[in-house]
Amino acid sequence: MTTTHDDAGLIQLEDVEKVFEVRRRGKSRWKREKRQVRAVDGITFSVARGEVVGYIGPNGAGKSTTIKMLTGILTPSGGRLRVAGIDPARERTRLARRIGVVFGQRTTLWWDLPLIDSYRLVHRMYRIPDARYRENLERCVDLLELGALLDVPVRQLSLGQRMRGDIAAALLHDPEVLYLDEPTIGLDVVSKTRVRAFLRELNAERGTTVLLTTHDLTDIEQLCGRVMVIDHGRLVYDGGLAGLHEAGGSERQLVVDLERELPPIEVPGARFVRAEGPRQWLAFPASASAAPVVAAVAERYPLLDLSVREPDIETVIAKMYGSSPGVGGPGTREAGEKSLR
Ligand SMILES: Nc1ncnc2c1ncn2[C@@H]1O[C@H](COP(=O)(O)OP(=O)(O)OP(=O)(O)O)[C@@H](O)[C@H]1O
């Protein structure tokens with residue numbers, strides 16, 4: 001059966017707004033002033049079936065509010081929103097069968113019960129056919145390595161184990177769309193790797209559409225073919241990772257270890273960034289080849305070592321937010337995991 005929403009996008013937002021009215025204490029002790037917060041300020045996008053999209057932005061940008069509208073928890077103040085052809089706020093229960101939701105900072109599992117009991121309850125609540133439930137459970141237990149944890153009460157699980165438990169619970173009813181709000185927050189590197197591998201496989205095998213908010217840019221780099229950047233409730237970028245680099249004018253860096261301390265290196269196609277003793281950092285456009293810069297440096301200077309550092313999307317995004325990048329030299333990654341916090 002062909003459905004029209006599939007042609008237009010499984011998730012569709014047109015000029016969606018969410019305005020919160022907040023009351024706070026005014027100048028007089030007894031009066032409370034009303035103030036409006038535009039958490040989402042006219043957002044339009046569409047996500048096709050099978051896409052894995054990163055939805056990122058600084059704290060308070062409007063990411064969680066968007067996800068809550070997409071699940072029907074919050075009603076938009078304006079605009080039009082459809083998920084699998086359903087208006088989430090109007091038909092929240094019907095939509096619940098089509099979507100899975102994982103909020104990294106909260107659990108949907110029953111705290112005092114063994115993990116498997118939460119799954120049994122989900123089985124009943126969603127009226128999942130027995131064979132399908134067993135098949136999905138087996139698959140999740142296998143891929144998320146939950147076997148040894150099924151009889152453990154949820155409160156005794158580590159954060160990483162609980163997160164894997166939550167992801168499984170969100171997938172037992174075969175949702176077409178999975179919303180993940182900070183799925184790797186607080187997890188150690190091993191757990192993060194496991195969760196990312198699982199999501200990649202889920203998308204490749206089942207074609208599950210994933211919308212993911214995260215502060216961890218490694219999630220984006222490893223999972224998402226598309227990134228949407230939101231700031232102050234507005235979409236400021238929607239496209240591929242490469243385009244994000246272009247939009248931010250990102251640069252790669254050449255780290256040069258000289259035999260001794262020397263004045264700033266001067267070679268065509270690169271600019272001097274900084275020096276620390278005999279080590280110097282040069283920057284060149286991410287779109288350019290490193291070869292001519294490397295050759296020019298090697299020809300003119302006494303070298304011990306050279307390395308190229310890839311541009312870091314954290315810096316590119318920080319530029320978009322109008323804030324400054326963190327430590328580690330402008331525009332490149334020092335090592336390992338990164339975050340926008
Ligand atoms: N229930 C609410 N009542 C009033 N204001 C709210 C409410 N929920 C969110 N806001 C405000 O809306 C804005 C967007 O919040 P939201 O939680 O969507 O941001 P976020 O991008 O998810 O941030 P974070 O990365 O910190 O989770 C913020 O200014 C927040 O204070």
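A: A residue is called buried if 20 or more other C-beta atoms lie within 10 Å of its own, and exposed if 12 or fewer do. By that rule, buried residues make up 39% of the 341 residues in the protein chain. Keep in mind that this is a predicted model.

Q: What does the secondary structure of the protein chain come to?
A: The chain has 11 helices and 13 strands. As for contacts between residues at least 6 apart in sequence, 68% of them join residues at least 24 apart.

Q: What makes Ser307 count as exposed?
A: Ser307 has 10 C-beta neighbours inside 10 Å, and the label exposed applies at 12 or fewer. So Ser307 counts as exposed. You'll find Ser307 in strand S13, residues 303-309. Val294 is 13 residues away from Ser307 along the chain, and their C-alpha atoms are separated by 9.2 Å.

Q: How do you know that the span of helix H5 agrees with its number of residues?
A: Helix H5 covers residues 130-143, which is 14 residues. The expected span is 1.5 Å times one less than the number of residues, and for H5 that should be 20 Å. The end C-alpha atoms of H5 are 20 Å apart, so the two agree.

Q: Which residues of H5 are buried?
A: Tyr133, Leu137 and Cys140 are the buried residues of H5.

Q: Why say that the buried residues line one face of the helix H5?
A: Look down the axis of H5: its buried residues fall within an arc of 70°, so they line one face of the helix. On the other side of H5, Ala131, Glu138 and Asp142 are exposed. The cover over the buried residues of H5 includes helix H4 (115-125) and helix H6 (159-171). Just after H5 comes Glu145, with a positive phi of about 50°.

Q: In what order do the 3 strands of the open sheet come?
A: The order is S2-S1-S4, with antiparallel pairing.

Q: Why do strand S2 and strand S4 stand at the edges?
A: Strand S2 (32-47) and strand S4 (78-83) each have a single partner strand, so one side of each is left without a neighbour in the sheet. Neighbouring strands of this sheet are turned by 35° against each other on average, direction ignored.

Q: What makes S1 and S2 count as paired?
A: Two strands pair if there are at least two bridges between them. Strand S1 (residues 11-25) is joined to S2 by 13 bridges, and the two run antiparallel.

Notes:
Residues are numbered from 1 along each chain as its sequence is written. This is a predicted model: local features need pLDDT of at least 70, side-chain atom pairs count only at pLDDT 80 or more; totals for chains, interfaces and linings use all residues. Helices (H or I, at least four residues) and strands (E, at least two) are DSSP runs, numbered from the N terminus. The arc is that of the directions from the helix axis to the C-beta atoms. Two residues are in contact if their C-beta atoms, placed from the backbone, lie within 7 Å. Axes are lines fitted to C-alpha atoms, for helices over the stretch in contact, and angles run from 0 to 180 degrees between N-to-C directions.
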